[in-house]
Amino acid sequence: MAKAKTGETKDRVFTIPADKARSVDRWLKTHPCSLRGKPEKTAIGGRITYTFTDTSIRQMQHVKWACGGKVWIQYHY
């Protein structure tokens with residue numbers, strides 16, 4: 001990625017550490033979900049949402065299923 005000039009927007013990349021990603025994958029496969037095994041009813045899927053929220057003091061990350069199940073991944077300081 002090239003260095004951004006003053007006033008230019010930089011690319012943003014959000015990552016989940018490998019140990020946390022394994023934990024999330026395990027949760028996605030095992031949590032009790034009312035939608036598991038049912039056909040998708042949306043045009044693009046979208047049953048799983050990864051959210052990365054930057055704040056002035058840290059980054060919060062969580063994963064949410066369309067059924068409402070949610071797991072916090074981590075908080076970066």
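Which residues does Leu-28 touch, not counting residues up to four places away in sequence? Good morning. The structure before you is a predicted model, and I shall begin with that question. Leu-28 touches Arg-36, Ile-48, Tyr-50, Val-63 and Trp-65.

Let us turn to the helix that holds this residue. Leu-28 is one of the buried residues of H1, together with Val-24 and Trp-27. Seen down the axis of H1, these buried residues fall within an arc of 100 degrees, so they line one face of the helix. On the other side of H1, the exposed residues are Arg-22, Arg-26, Lys-29 and Thr-30. The length of the helix may also be checked. H1 has 13 residues, which at 1.5 Å a residue should span 18 Å. The end C-alpha atoms of H1 are 18 Å apart, in agreement with that expectation.

Next, the nonpolar core. How many residues make up the largest nonpolar core? There are seven in all: Val-24, Trp-27, Leu-28, Cys-33, Val-63, Trp-65 and Ile-73. H1 and strand S2, residues 59–65, each supply at least two residues of this core. The largest share, three residues, comes from H1.

Cys-33 counts as buried, at 12% relative accessibility, whereas Cys-67 counts as partly exposed, at 30%. The cut-off for a disulfide is 2.5 Å. A search of the whole structure finds zero disulfides.

Finally, the aromatic rings. The count comes to one aromatic pair. The rings of Phe-14 and Phe-52 have their centres 5.2 Å apart and their planes at 25 degrees, so the pair is stacked. The reasoning rests on the cut-off for stacking, which is planes under 30 degrees apart. Where do the two residues lie? Phe-14 lies in the segment before helix H1, which covers 18–30, while Phe-52 lies in strand S1, residues 48–54. The pair therefore ties together parts that are 38 residues apart in sequence. Are these residues buried or partly exposed? Phe-14 is partly exposed, with a relative accessible area of 37%, and Phe-52 is also partly exposed, with 24%.

Notes
Residues numbered from 1 in each chain as written. Predicted model: local features only at pLDDT ≥ 70, side-chain atom pairs only at ≥ 80, totals over all residues. Heavy atoms only, no water. Phe/Tyr/Trp six-rings, centres within 6.5 Å; stacked < 30°, edge-to-face > 60°. Helix = DSSP H or I, 4+ residues; strand = E, 2+ residues; numbered from the N terminus. Buried < 20%, exposed > 50% of the residue type's maximum accessible area, 1.4 Å probe, protein only. Expected span 1.5 Å × (residues − 1). Arc of directions from axis to C-beta. Core = buried A, V, L, I, M, F, W, Y, C linked by side-chain atoms within 4.5 Å. Contact = heavy atoms within 4.5 Å.
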